[in-house]
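Thanks for coming, everyone. I'll keep this brief. Please have a look at the model on the screen before I start.

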Amino acid sequence: MSAKAISEFTSKTILCKNIGDDVILSNKLKFASVDRSTNWDELAVKYPWLQTEKLIVKPDQLIKRRGKLGLIKINTDYSGVQQWVADRMMKEFSIGETKGILKQFIIEPFVAHKQEEEFYICIHSSREENTILFHHEGGVDIGDVDSKANKLPILTGENIDSNKITDVLLNNLNKENRRLLEPFIFALYNLYTSLHFTYLEINPLVVNDGKIYVLDLAAKLDQCAEFVCARQWGPVEFPPPFGREAYPEEAYIADLDAKSGASLKLTILNPNGRIWTMVAGGGASVVYSDTICDLGGASELANYGEYSGAPSEQQTYDYARTILSLMTRTPRDDGKVLIIGGGIANFTNVAATFKGIVRALKQFQTPLRDNKVSIFVRRGGPNYQEGLRVMREVGQHLGVPVHVFGTETHMTAIVGMALGKTPIPDQQPNAPGHTANFLLGASSNYAGGTPRTSRTSSFADGNQANGDAGQVLNGANVLQQAAKRANHKPMFTNKTRCIMWGLQSRAVQGMLDFDFVCSRKTPSVAAMVYPFSGDHKQKFYWGHKEILIPVYKNMSDAMTKHNDADVLISFASLRSAEESTIEAMKYEQIRTIAIIAEGIPESTTKKLNKLAQEKNISIIGPATVGGIKPGCFKIGNTGGMMDNILSSKLYRAGSVAYVSRSGGMSNELNNIISRTTNGVCEGVAIGGDRYPGTTFMDHILRYQNDMNVKMIVVLGEVGGTEEYDICEAIKSGTITKPVIAWCIGTCATMFTSEVQFGHAGACANQASETAVVKNQALAAAGAHVPCSFNELNTKIREVYNNLVELRVVVPKEEVPPPTVPMDYSWARELGLIRKPASFMSSISDERGQELLYAGMPISQVFKDDIGIGGVLGLLWFQKRLPEYACKFFEHCLMMTADHGPAVSGAHNTIVCARAGKDLVSCLTSGLLTIGDRFGGALDGAARQFSAAYDKGLLPSEFVNEMRKKHQLIMGIGHRVKSLNNPDQRVVILKEFVKTNFPSTPLLDYALEVEKVTTAKKPNLILNVDGFIGVAFVDLLRGCGCFTEEEAREYVQIGALNGVFVLGRSMGFIGHYLDQLRLKQGLYRHPWDDISYVLPEDYSS
């Protein structure tokens, strides 16, 4: 979304903080916001003027004409304000058919003035300019300001002229008012542009006693510019329109959307409605809402929303869970319907997203039954067959009706079924089993059959008239510009080559596969540009063989070395798209630029459009998937994966060209056109932003000029006025080919409150921008307009069949395309192949949305607070160990963390650190000293004591046996500690173990052995290594989590030494940091600490 309305309080805050001190603006920041939680006493302390001045109070909820509605209280005191607000707070108020709750108010000082001191000013934006409207009479009775006001247009990229402000806008004012208002308007306009406003209206603007007062202010900001203006804006909230409540679920989805690269939108229209939607795609979401309203479901439509842009399984689950939670709160006797719809995805893995939805459906199985929910599913795109299979499978277990359809069914056909307007087929059509059916040479005929003419390509009939494309409308600037572009050579041919900005390997491979199936001689991708790495080459497939495509750090190198490339496909982010696009326009070889990024600020887009127009460059986008010319060239992910390329016959040219705003709907058009005609000749998605780089007419006039195009399909939408240019061109004869047109968004006029659809430009600012009015105008002009999108396919078939009868299109037989091998990774995704894994892992899994430790989600690890010991239990033993076992691990780690700088491991670490080595090298140096002589006694002690105990040896027998073998007893003995000077580490551990372990048979045995050994020498005690070793065995055998065999195996494989290694690593790192902190130099061992024992002579 782009232009969004803000409250008057927010508008005035931004204005006052950024207008500048040079402007004479009174009552700066003298306004207060009030809601139901406001403490009136605290408010008076914060704003002392509330108790000293006369006041005005009014609702601040995006309500227009508050004065005429009686929603303003003027010239009152603070107590009067409180009473007036109290009488209205949380009360319902009706404005026409819209009903809403009053809950937000703004209080300001009352400014006494005369009618003649009121003025009107408005700034709004259009494609090529910003316009300032000024009228010398303002206030509630201003009337039709468009016809009255003075207008000053300022072209994009130009600065405002002070003299024009005075001469054009203020010519009806006296000299003093002109002197005051000229600098104000100048500053206001600069603030408007620099802070990315898209609309700003002050009515009235009062000039009183040499001072300027902004009384009522309405404004919209470009939400996409938040990353540019966050500091100047400050905290900004975008409230819902009056009559529609803000729900916490909407805020939750908005937060998910902000944190995701995907697009997640939710607007709750009627929480008690029975028709709920979960639609993939911005354009598709509007189409489904239209169809629901067309079939009489407007009053029961519960929500509008979309999920698109390849959301993950977890993101889709969160989205679906939110909708199902809302849907199942209030049961209805007549039940509810859930429409899970969407067009044919270009790059979203349908199976992955459906798995998230299925998870949510299973979670809400009981509420779905209780609410008598019926589910209708229609989807297409990458891996959609697996997604539909999963959805059918879950339908067999949910206990509610689930009807599933694929691309063989018209996109919105399920709406009529869901609303009971059309019958549900007894046997659902069989879709292909999986993508490989297309790629491995299966029949290309459609299930259920298609007219012969729709399975054939065509050739141009030179005897058929194609119209006079050179005729343009006099005075119609947009047509002149479009015709100028149309007179160039074709935008794409089978020799077109491009440079891609960004490392988009999947998109590149998709383009190369398309090239191969189209029998192109050379790859369409010449090079890639990626400024975050050095020059290198990347490997891709060209059919069966591998090729290398160069990647350049600098665009200049790519352009110089590949001067045959005339298209730039930019996958730059919304933050870097402007810079990379401007750089590309410097090179004369570039004729077309496709900008994929969504969320580019409108003013940036306007700037790019102007520059492109000056250089005669065509921009497709922003916010687009691109375009496709079958048999020649495709942009990025356009057309989806190879199964859709083949099923929609996009590998060769047909006779139908289309232009759409929606990228997702462009793929649906590919499907519709391929099923009703002989296929697509060219198709472009110009993008969903308010000011796309190229317009409908830019492409329609190209199609009019192309002798291979016999009919044109236009999919417009609510918002903007570009469709009227088509009307004028048809009426004037500039367009002579049949045009089938439909504008989506007809549902907007049926909603009681304003709804911002998924595309930034899909919002009507006046009646002429509504989809209903535009469809009427197109029909009146002579375009073929269906009754609804539901009948678009029928209308296209009807026009096409007429052209066949007239022999404007002459069918010819289909030629099978070459076979394109399937990528290994995608074949594996589809479950078509398998191979043995190179590695096996059973302790962790990072592939999903959440890291798993031995199957336990990381969030649960922290929720249950299992600590380091619990994590060791999961990762080392795949067990959720008892709390005392986890604590024992942590005690052991603390005990073994360090034993001073003199031991061999610490010594090595220190020497290595003083030699200037890095942390990992120093840590490794210390760890390599661990073994039987240093720190490695844990496993040895565990093995020796366990073996003796299990054989039933008495402690004395065990000692004698080890002496006879001339072997030391591991874990017995200490250089310093003794019976008289016990090791406190052992004392602490012994107390913990004896208190918490259920039994300690091996520890008791070891303590008896200690009595035997200390009888000989008092320092032959059970040391900390030995204690941990035997206690560890008692833990494994006694905690109930391990079998006897598992306990024995862990001792044999050396798990116990891991405790010492892990603990001592902490100490070694400490010594490393200590040496650097002390800034110790290179260590050299002193001579006097070395005994040099050399032979007295040597023989040669």
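Let's start with a charge and a ring. R359 sits over the face of Y317, and the distance to the ring centre is 4.0 Å. There is another case like it. K606 lies over the face of Y691, here at 5.6 Å from the ring centre. Keep in mind that this is a predicted model.

Now ring against ring. How many aromatic pairs does a search of the whole structure find? It finds 24. I'll take two of them.

Take W40 and Y78. Their ring centres are 5.8 Å apart. The planes meet at 65°, and over 60 counts as edge-to-face, so that is what we call this pair. Where do the two residues sit? W40 belongs to helix α2, residues 40-46, and Y78 to helix α3, residues 78-88. The two are 38 residues apart in sequence, so the pair ties together separate parts of the chain. Buried or exposed? Both W40 and Y78 are buried.

Next, F119 and F134. The centres are 5.9 Å apart. The planes are at 20°, so this pair is stacked; the cut-off is under 30 degrees. F119 is in strand β8, residues 118-125. F134 is in strand β9, residues 129-135. F119 and F134 are both buried.

There is also a group of rings. W876, F877, F889, F1032, F1042 and Y1050 make up one aromatic cluster.

You'll find it in helix α35, which covers residues 984-996. Its relative accessible area is 9%, and buried means under 20%, so V986 is buried. What does V986 touch, leaving aside its neighbours within four places in sequence? The contacts are L1022, N1023, V1024 and F1027. Look at N1023 in particular. V986 and N1023 are 37 residues apart in sequence, yet C-alpha to C-alpha they are 6.9 Å apart in space.

Last stop, the surface. Which residues form a nonpolar patch there with about 510 Å² of accessible area together? They are W1087, I1090, Y1092 and L1094. L1094 is in the segment after α39, the helix at 1055-1077. Its relative accessibility is 65%, and the cut-off is over 50%, so L1094 counts as exposed.

V986 is buried, whereas L1094 is exposed. Thanks, and over to you.

Note on methods
Residues are numbered from 1 along each chain as its sequence is written. This is a predicted model: local features need pLDDT of at least 70, side-chain atom pairs count only at pLDDT 80 or more; totals for chains, interfaces and linings use all residues. Side-chain values use heavy atoms; hydrogens and water are left out. Rings of Phe, Tyr and Trp (its six-membered ring) pair if their centres lie within 6.5 Å; planes under 30 degrees apart count as stacked, over 60 as edge-to-face and the rest as tilted. Helices (H or I, at least four residues) and strands (E, at least two) are DSSP runs, numbered from the N terminus. Buried means under 20% relative accessible area, exposed over 50%, partly exposed in between (1.4 Å probe, protein chains only). A charge sits over a ring if NZ of Lys or CZ of Arg is within 6 Å of the ring centre and within 35 degrees of the ring normal. Contact means heavy atoms within 4.5 Å. Patches are made of residues with over 30% relative accessible area and no salt bridge: like charges are joined within 9 Å, nonpolar side chains (Val, Leu, Ile, Met, Phe, Trp, Tyr) within 5 Å. Accessible areas come from the Shrake-Rupley method with a 1.4 Å probe; for residues, only the protein chains shown count as cover. A salt bridge is a side-chain nitrogen of Lys or Arg within 4 Å of a carboxyl oxygen of Asp or Glu.
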